[in-house]
Amino acid sequence: MNEKANESSWFPLIVVACASFIIVLDSFFMNVSISRIVVDLNADVSTIQMIVSFCTLITAALILFSTKLQDIVGKKKLFVIGAALFGIGIFAAVLSSSVTMFFVGWAAIKGVAAALMLPAIVSIISGIYSGRKRTIALATLGVMAGLADILAPLLGGLITTFFSWRYTFAFELIFILFILVMQNKIPDFKPTESKSDLDIIGAILSGICLLLLVLGILTLTKDFATSIIEIILGLIVLAIFIWFELKRKRSGKVPLLDVELFRDKNLRIGTSIKLLYNIVISGTFFVLVLFFQTVLQLNPFDTGLASLPFVMALFIFSLTTPKLIGKLNHKTLMAIGCIISIVGCLILSYQFKLNVNMLDLIPGQFLLGTGIGFMMALAADVALFDVPAEGQNNASGIITTGETLGSSLGTAIIGIILILGVMGGISTAIDTYAPDYSGDEQFHQEVYDHFQKLDTIDGHDSVVVNTADIIIQNAMASVMVALAIVLGVILILTLRIKNINIKKQ
């Protein structure tokens, strides 16, 4: 069957976009449900967090292997298998009566399923649509992710609060059923390689490399020294993997990853941009949720409402940006987005205070989300623009790996910056309100420990309130400046994009 035969139909896009939607939705549902899962399964927070980390590790370690399987099994078939496994894993999680059963279903089975689906989503889109339609289709994936960002905190918080966390995950099964029923709307893609072409050694090396890198990233805030060792080892294995893949290709064998694709400037830049803006997205959500729930004492549902300016802007501009193609090119639109987001970060950098009015946070959140929406809509299209048809599957794996690493990096790096901001804020606060203890390290540590455990400052005297206010302002300002720096790096990369002009089709 000719893969371009269905280019006039948007049904394939709808089906794969549903997969993108539930993968994002699932991660947010998990964040909302952790406290209830802990109680229901008689577990503890660290165990559930370990399960979340393990799921990320499985997905990241298998992405490149999954990308190559598309060439051997067929991208549609692999996508459908992944969707079916996703449903099985979620169903097992819903029925879980123990932590072990939840781990097997939500982390192990669903982690493998996500690894099978994620690269296939992008490669199916790039295999069906071209030109302006591909730009719109890839942007739609960002729109669906943005929609999930909006719905998950509200819907997940509502269902978890008034019913059960199990119903939040069961909600995802509706979309899995839709995908399986509508799979015939996706054209068949014939396998281009045989089982004998499978690069087992490359698969093992890539798995170990990504496992070490993601594990190191996830544990940065817990054991910094060990994390650095893991990241260094991961980079060493990465170098060995690249050498092995180049050697394999030059000997006439099929590599797991065609490393020579990285000669494509736009693929390198587009993937780097997706990695970096995922750092910004995950870092932003992390600090917003932390501020709303621990400082302002909002419940999950109200937290969702409070973060709506950010996610609504992200959603709206992911949807509308492709319509501007033709009037402005990709480079110009993404550069404008970077500048808008940087302005949003700088506005927010001085607004997080104990007595903040929620209305004061709307402009900054909206601008930050607006700029990221521009990038979400166009970054994948930039990355894939010059990649030949035979390299689309490999390129989709590269892009998806960048996204996964970015999401993992975001919380870890921003978490470290937040801690450093708290420590800096403590020094400033003590110098201001308790100068006699400025050089007392033990006192500094006691304040830090107290601040970590402090749920509310209601009833405390003005010194405690003012001290907490300075600490919060310093920590949140540090995070926003750091995010602005990351966005500045994205802006520099954007200016190096080879101009793309897509004609209307």
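This is a predicted model: local features need pLDDT of at least 70, side-chain atom pairs count only at pLDDT 80 or more; totals for chains, interfaces and linings use all residues.
Let me start with Phe244, whose place is in helix α8, residues 224–250, where helices are DSSP runs of H or I with at least four residues, numbered from the N terminus. Residues are numbered from 1 along each chain as its sequence is written, and side-chain values use heavy atoms, with hydrogens and water left out.

Phe244 counts as buried because its relative accessibility is 18%; here buried means under 20% relative accessible area, exposed means over 50%, and partly exposed lies in between, with a 1.4 Å probe and protein chains only.

Now to helix α6, residues 165–181, in which Trp165, Arg166, Thr168, Phe169, Glu172, Phe175, Ile176 and Ile179 are buried. Why do they sit on the same side of α6? They cover an arc of only 165° around the axis, which puts them on that one side, the arc being that of the directions from the helix axis to the C-beta atoms. The face of α6 turned away from the buried side carries the exposed residues Tyr167, Ile174, Leu177 and Val181.

Axes are lines fitted to C-alpha atoms, for helices over the stretch in contact, and angles run from 0 to 180 degrees between N-to-C directions. In passing α6, α3 makes a left-handed crossing, which means that the near helix is turned anticlockwise from the far one by less than a right angle, whereas clockwise would be right-handed.

Let me turn next to helix α13, residues 358–384, against which helix α12, residues 330–348, packs at about 155°, with the axes 7 Å apart. The pair α12 and α13 is therefore roughly antiparallel, and the contact of α12 with α13 divides into 18 nonpolar, 8 polar and 1 charged residues. The crossing of α12 past α13 is left-handed. How do α11 and α13 run, roughly parallel or roughly antiparallel? The axes of helix α11, residues 308–320, and α13 come within 7 Å and cross at roughly 30°, so these two helices are roughly parallel to each other, and their crossing is right-handed.

Within α13 lies Ala377, which counts as buried at 1% relative accessibility. Ala377 and His330 are 47 residues apart in sequence, and their C-alpha atoms are 9.6 Å apart in space.

Finally, Lys110 lies in helix α4, residues 99–128, and is buried, with a relative accessible area of 7%. The side chains of Lys110 and Asp26 are joined by a polar contact of 2.6 Å.

Key:
Angles under 35 degrees count as roughly parallel, over 145 as roughly antiparallel, 65 to 115 as roughly perpendicular and the rest as oblique. Ala, Val, Leu, Ile, Met, Phe, Trp, Tyr, Cys and Pro count as nonpolar, Asp, Glu, Lys and Arg as charged, and the others, Gly among them, as polar. A polar contact is a pair of N or O atoms within 3.5 Å; within protein, one must be able to donate a hydrogen and the other to accept it, and residues adjacent in sequence count only if both atoms are side-chain atoms.
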